[in-house]
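Reader: Hello! Could you show me how to read a structure step by step?
Author: Gladly; let's look at it together.

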Amino acid sequence: MSNTFKTIARYQYSTEAQIIKGRLEAEGIQVFLSDNLTIDTDPLVSNAIGGVKLKVLSQDALQAQHILESINKYSIDDEGNTISCPNCSSKKIELFSTIKDAKSLFWFIFGVLFSSLPFYTKHKYRCEDCKTEFDLK
């Protein structure tokens, strides 16, 4: 058997990759992350270098793919129920941050000027199928 690694997934941030790495290692699959330290040092280069690469041994690639497919990537509410789109009833909902009001714009500009993290952001949900944006309230 060959001891070569195969890239099975790419993530924008290393935290996402670390979570999946832990899940795969719990199943006994040896995992290697590539470019995670570079992106931890400068997250702005993530798209330029192709993100954090999650690699497994070639002989474990198929099993790892099945595990990745079994993980639900979409949003759930506080009770653990999958969130549905109010427009099309799709279950493919993702959480995102938006800057659409004065308060979040102010804190975004403050963060850029003083190289700090934003103190206030507004979170909404977006349906991947119909692109509807909504709040849970």
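Author: The secondary structure of the protein chain comes to five helices and six strands. Helices (H or I, at least four residues) and strands (E, at least two) are DSSP runs, numbered from the N terminus. This is a predicted model, where local features need pLDDT of at least 70 and side-chain atom pairs count only at pLDDT 80 or more, while totals for chains, interfaces and linings use all residues. Residues are numbered from 1 along each chain as its sequence is written, and side-chain values use heavy atoms, with hydrogens and water left out.

Reader: In what order do the elements of the protein chain run from the N terminus on?

Author: They run β-α-β-α-α-β-α-β-α-β-β.

Reader: How do I read a sheet, and what is the strand order in the open sheet of three strands?

Author: Start with pairing: two strands pair if DSSP finds at least two bridges between them. Here the order is S1-S3-S2, and the pairing is antiparallel. Strand S1 (5-11) and strand S2 (31-34) each have a single partner strand and stand at the edges, so one side of each has no neighbour in the sheet. On average, neighbouring strands of this sheet are turned by 30° against each other, direction ignored.

Reader: How many bridges join S2 to strand S3?

Author: Four bridges join S2 to S3 (residues 52-57), and the two run antiparallel. Leu-33 stands opposite Leu-54 in S3.

Reader: Which strands does helix H1 touch?

Author: Contact means heavy atoms within 4.5 Å. Helix H1 (residues 14-26) packs on the sheet and touches S1, S2 and S3. For angles, axes are lines fitted to C-alpha atoms, for helices over the stretch in contact, and angles run from 0 to 180 degrees between N-to-C directions. The direction of H1 makes about 15° with that of S3. Helix H4 (residues 61-70) lies across S1 and S3, running at about 20° to S1.

Reader: Is Ser-14 buried or exposed?

Author: Buried means under 20% relative accessible area, exposed over 50%, and partly exposed in between (1.4 Å probe, protein chains only). Ser-14, placed in helix H1, has a relative accessible area of 7%, so it is buried. Of the 137 residues of the protein chain, 28% count as buried.

Reader: Which residues does Ser-14 touch?

Author: Leaving out residues up to four places away in sequence, Ser-14 touches Asn-36, Asp-40 and Val-52. A polar contact of 2.4 Å joins the side chains of Ser-14 and Asp-40. Such a contact is a pair of N or O atoms within 3.5 Å; within protein, one must be able to donate a hydrogen and the other to accept it, and residues adjacent in sequence count only if both atoms are side-chain atoms.
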